[in-house]
Amino acid sequence: MRIRSALFSFPLLVLNLSTNIFVSPLGNDAADGSKERPVKSFHRAQELARAYPGHADVLFEDGIYYLIKPITMDARDNHCTYRAIHQGKAVISGGCRLDVVWKKRKDGIWKAQYQSSMPKQSAPIKPDMLFINGQAKRMARYPNLRKDRPSPIYGCFDFSEQGSTTAENPLDSARVMSWANPKGAYLHGLHNYQWGDMHWVVSERDGTMLISEGGWQNNRPAPIHPVFRYIENIREELDEPGEWYYDVHDRELLYIPEEGEDMKRALVETPLFSSIINIRGTRESMARDIRLSGFTFRHTRRMFMENKDRLNRSDWTIWRGGTISLENAEDCVIEDCDFDQVGSNAVFCNNYNSDHLFRGLYIFEAGANGVCFVGDTACVRNALFDYNDKGTDCTDFTLGPKSDNYPRHCRVEECLIVHTGRTEKQTAGVQISMSQGITVSHCSIYDMPRAGINISEGCFGGHVIEHCDVFNTVLETGDNGSFNSWGRDRYWNANLDESQANVQAHPGRENLDMLERNVLNHNRWRCDHGFDVDLDDGSSNYLITNNLLLSTGLKLREGYHRKVINNVIVPGTVNLHVWYDRSDDVIMHNIVCQPYKTIGMDWAKHQTPKWGECIDRNFHAYIPNEAEAYLEHGCDSNSVYGAAHFIAPEKGDFRVADDSKALQTGFKNFSMDDFGVQIPRLKAIARVPEFPKPVEPEEKEEPIQSEVQRIEIDGVRYTFVTGQGMSAYGQEFSTKGFAVSVLTKNPLSSHGVKHGDLLIRINGVELVDITTLQLMLKAEIKEIELVRDFKRRVIS
């Protein structure tokens, strides 16, 4: 936070320019706002606060405050505080209570026609979400939630069904024909490669086909996933307890109660608005020093069909709004607030914002993101939006942005952000795009469909992620990490040769969009369906130090100037994917528990065989096979191998004992007991990750064998790739194939195969192992299916 000092002070004159205004659900808006005569509504309290010449402290008694419209704050609200007297007990609702008279039908479905509790509400409200006794219920849907086994994807699929032909299909023609009127239904589906999701609204049915609009919610367009999808808001699919449907024609609300629900006494609520509070100044008159404290925010609408704004060349689109949104604002504070099942983003900083503090927030089961910082795409020089746009088209080599219309110097600290992305899957606990100097500190983030923390591009750097605990991520998607970043900036192309040529032709071009480096310091990460930390496509200028990575490890895809120093990676390793020549990367003083996993590191004939600037003085907690020394690439000539002697890994303490050889490499222990949220009310309910049990090798053990399967045939090295290695080629992790590295000659050049290609099939036969590859290379080759520049193609 910036500290402003007065130019003059008058110690003998004390002016009390502050007042208290009281609000109560039992108050009266004709009252004066005193403690004895509180007002009833937020809007009336705001009017009184604005009328006061000094600082107003607006205090809310316990209860639910249903807004008649969203609250807008601007410079007239500067230096005002709005706070709950008791933390979490004053609920600010963007919805209304429905006055419902239920009748039970013979089939167990309860029906009701209702009126809103909102004054002057003439037209019937069409619910987007339905809350019964404070809990969000499900629209009637197919497939239903599974209750027999864990099914993370949409609650009805797991990853083992990736290629299933028997999975429940909401677009099955017979099922579509069974729906009398699917107009208004929502189809949700993952991206074909599981890089997020997409949504459609159905306008009509044409025979067995649904006519719909949508699919724009992903910046890497692709077909809907053939398995991972579901449809909701279908009358005929109302068949499970906890599901509801609103019949627009008959104006009837239908619901199947869950066990123990007394519908005659139930509180029924629905959202009306997409936002609750909009703090919005102008560039000439900033909203400044506004504080919101201690509230619970509920009942905002889902906004997935308005998620249209493309964020440069990242995989993201976004809706620029939230339960609380801020723009042209400075020095605002949101503290100790709960965001309870809100429909979309919880907090959104749009375009210019500076020096805000978001502290002690508990965000749970939000429909989209937790906290977002997103700048104006117009402030990016040579802004490109499509993944395949070329950095070679860059004509502006000026350092930094074109304007200051972006968030900067804000802090997110001591927050608990869990189970967000309930509707939208290309989301994160904290999302940062086109911003500078954002700090995320002591946050616990888990149970995420995709990344816990995401940085969309290099614009404009200076972010610090510190002391966070991020785990159980990428639960419903693929090829991402607990921390994920891209760096598809002005220098970057999907074509590796062109990207490297851009930097060689214009040294320093990789730094044009990044004003400062990003820092990941002293965090704990775990991602079992992706990478613990994933620095993808061009991510550059990172310092990664004193982090504990508890699963698959760290991925470094092409980029420049990454410093990875003094981290513990157990049971994983560093994944090296398609590095540029002379990348200036440094990997030193780390503990890793497996050999490095390399993909495409020989994608081009490097001018130098050395990888990066320095990979050395690391501790490898295994007994290596001699072939894994990486000496030919200038790596690990001074590294040490053996047992790490972790102190108490079963308790999450991966410091090493005083007799550990790891200390000989320059590795230094760091604290293991202060990751994540520390304030008592949130720490008491925050979970921690499961801790892996490391295998401590004995010196007498046989050397560990590399997992890499490769063979050299007629001057070409073929390396088997599957699983997470497919991240380097942009393919599903279930894909299998062989990477082609031309050593001396290329007998497949006559068939159009190039160095760096990934062979998938020959003559229609999938290349699932070395034996199959050898057999097919001996056959008469008529057709080859391969991947080049992330695209599948067939050549003959």
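Student: Which residue of E30 does Leu326 stand opposite?
Tutor: Leu326 stands opposite Cys349 in E30. This is a predicted model, in which local features need pLDDT of at least 70 and side-chain atom pairs count only at pLDDT 80 or more, while totals for chains, interfaces and linings use all residues. Residues are numbered from 1 along each chain as its sequence is written, and side-chain values use heavy atoms, with hydrogens and water left out.

Student: How many bridges join E26 to strand E30?
Tutor: Strand E30 (residues 347-350) is joined to E26 by 3 bridges, and the two run parallel. Two strands count as paired if DSSP finds at least two bridges between them; helices (H or I, at least four residues) and strands (E, at least two) are DSSP runs, numbered from the N terminus.

Student: And which residue stands opposite Leu326 besides that, from E20?
Tutor: Ile279 stands opposite Leu326, and strand E20 (residues 277-280) pairs with E26 in the parallel sense over 4 bridges.

Student: Are the faces of strand E26 buried or exposed?
Tutor: Both faces of strand E26 (residues 324-327) are covered, with Ile324 and Leu326 buried on one side and Ser325 and Glu327 buried on the other. Buried means under 20% relative accessible area, exposed over 50%, and partly exposed in between, with a 1.4 Å probe and protein chains only.

Student: What is the order of the open sheet of 4 strands?
Tutor: The order is E21-E27-E31-E35, with parallel pairing. Strand E21 (287-288) and E35 stand at the edges, each with a single partner strand, so one side of each is left without a neighbour in the sheet. Within that order, strand E27 (residues 329-330) and strand E31 (residues 353-354) pair over 2 bridges, and Ala329 has Asn353 as its bridge partner in E31.

Student: Switching to antiparallel strands, how many bridges join E69 to E70?
Tutor: There are 5 bridges between strand E69 (residues 784-788) and strand E70 (residues 791-795), which run antiparallel, and Glu785 stands opposite Val794 in E70. The hairpin of E69 and E70 has 2 residues between the strands, and in this hairpin Asp789 takes a positive phi near 55°.

Student: Where is Gln194, with its positive phi?
Tutor: Gln194, which is not a glycine, has a phi of about 65° and sits in the loop between strand E13 (186-191) and strand E14 (197-206). Most residues other than glycine have a negative phi, and most peptide bonds are trans. Gln194 is buried, with a relative accessible area of 6%.

Student: What about Asn382?
Tutor: Asn382, also not a glycine, has a positive phi of about 50° and is found in the loop between strand E34 (371-374) and strand E35 (407-408). At 25% relative accessibility, Asn382 counts as partly exposed.

Student: Which residues does the cis peptide bond with omega of about 5° join at Phe460?
Tutor: That cis bond joins Cys459 and Phe460, and Phe460 lies in strand E42 (residues 460-461). The peptide bond from Val570 to Pro571 is cis as well, with omega near 5°, and Pro571 lies in the loop between strand E54 (568-569) and strand E55 (573-577).

Student: How many disulfides does the structure hold?
Tutor: It holds 0 disulfides, a disulfide being a pair of cysteine sulfur atoms within 2.5 Å. Cys459 is in no disulfide, and its nearest cysteine sulfur, that of Cys379, is 7.5 Å away; Cys459 is buried, with a relative accessible area of 3%.

Student: Which residues are buried in helix H5?
Tutor: In helix H5 (residues 770-778), Ile770, Thr772, Leu773 and Met776 are buried. They cover an arc of only 160° around the axis, which puts them on the same side of H5; the arc is that of the directions from the helix axis to the C-beta atoms. On the other side of H5, Leu775 and Lys778 are exposed.

Student: Last topic: which residues lie nearest the centre of the second largest pocket?
Tutor: Of the 34 residues that line this pocket, Arg138, Leu145, Glu365, His419 and Arg422 lie nearest its centre. On a 1 Å grid over the protein atoms alone, a pocket is an open set of points where a 1.4 Å probe fits, with protein on both sides within 12 Å along at least five of seven lines, and lining residues have an atom within 4 Å of a point. Strand E10 (135-136), strand E11 (138-139) and strand E16 (224-232) each supply at least two residues of the lining.
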